[in-house]
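Please consult the sequence and structure displayed here.

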Amino acid sequence: MINSKYLLFACVFSAAAALAACQPADGGSSSAGLPKGRIDAGELQAAVKGEATGQSCIDCHGPDGNQPLDPTYPKLGGQYEDYLGHALQQYRSGARDHSLMSNQAQGLSDQQIADLAAFFASQPSELSDLSGVY
Amino acid sequence: MMRPLQLAACLAFAVVPFAAGAQDPAPAAQQAALEEGRSLAYTCMGCHGIPEYRNAYPAYRVPKIGGQSEEYLTNALNEYKRGTRRHPTMEAQAKSFSDEDIANLAAFLSSVNK
């Protein structure tokens, strides 16, 4: 009986250790295993026209992501890099759906997503968290 | 003999605020929407009010929503409400909001300018 209790404890402990190891060590900027984003490569990528839509990121969101062409489009400038990466991954996988963005994200590699996220996150921002609002 | 005049004066002053409101109804309604949105948005603070607050599994920082496009925010909340955009906490929050609540929230959040 003692042996099985120890075995159970060892299992729980090692499972907890394995989970802890999955946390990003640096409190990091990339999400879900994306490579490190490169701002300069992202800036070039942001101007590339998507095959399906004929539009680039900056055609619709503005050169720094702060001039959405349509009021339903979000501002991207200064948004958190890992959130932007997560959003593009969701559009690519189909977990999130938008008539333009789903097609736009379809052909992007992990590196391209990371680069785009790094570029728009580096731009001037009109966005803020809600701290200090109340 | 003064009484009717006093009464008329009281009535005149009582009517003035309504008349002033009627001349400019749009900003008053807008202000009411912002106030209502501000009150509703208190529930957002637990995550969106904390700088760098992280979502768990997958780990990413929850987005900055202050100053975001009003119609984008409206659509996002409606998608969460319908379940076409998935996030457990956001779906639960959005399902508790009426269409008017969502419009007021979006108006307030987009007006945040720090």
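In which helix of chain B does Leu77(B) lie? Leu77(B) belongs to helix H4 (residues 70-82) of chain B, helices being DSSP runs of H or I with at least four residues, numbered from the N terminus. This is a predicted model, in which local features need pLDDT of at least 70, side-chain atom pairs count only at pLDDT 80 or more, and totals for chains, interfaces and linings use all residues. Residues are numbered from 1 along each chain as its sequence is written, chains are lettered from A and ligands numbered from 1 in the order in which they are written, and side-chain values use heavy atoms, with hydrogens and water left out.

Leu77(B) has a relative accessible area of 9% and is therefore buried (under 20% relative accessible area, 1.4 Å probe, protein chains only). Not counting residues up to four places away in sequence, Leu77(B) touches Met90(B), Ala94(B), Ile102(B) and Leu105(B), contact meaning heavy atoms within 4.5 Å.

Leu105(B) also takes part in the contact between H2(B) and H6(B). In H2(B), the residues Ala33(B), Gly37(B) and Leu40(B) are buried. They lie on the same side of H2(B), because they cover an arc of only 60° around the axis, taken from the directions from the helix axis to the C-beta atoms. Helix H6 (99-111) of chain B is included in what covers the buried residues of H2(B).

H2(B) and H6(B) pack at an angle of about 90°, their axes being 7 Å apart; axes are lines fitted to C-alpha atoms, for helices over the stretch in contact, and angles run from 0 to 180 degrees between N-to-C directions. The two helices, H2(B) and H6(B), are therefore roughly perpendicular (65 to 115 degrees).

Technical notes
Buried < 20%, exposed > 50% of the residue type's maximum accessible area, 1.4 Å probe, protein only. Parallel < 35°, antiparallel > 145°, perpendicular 65-115°, else oblique.
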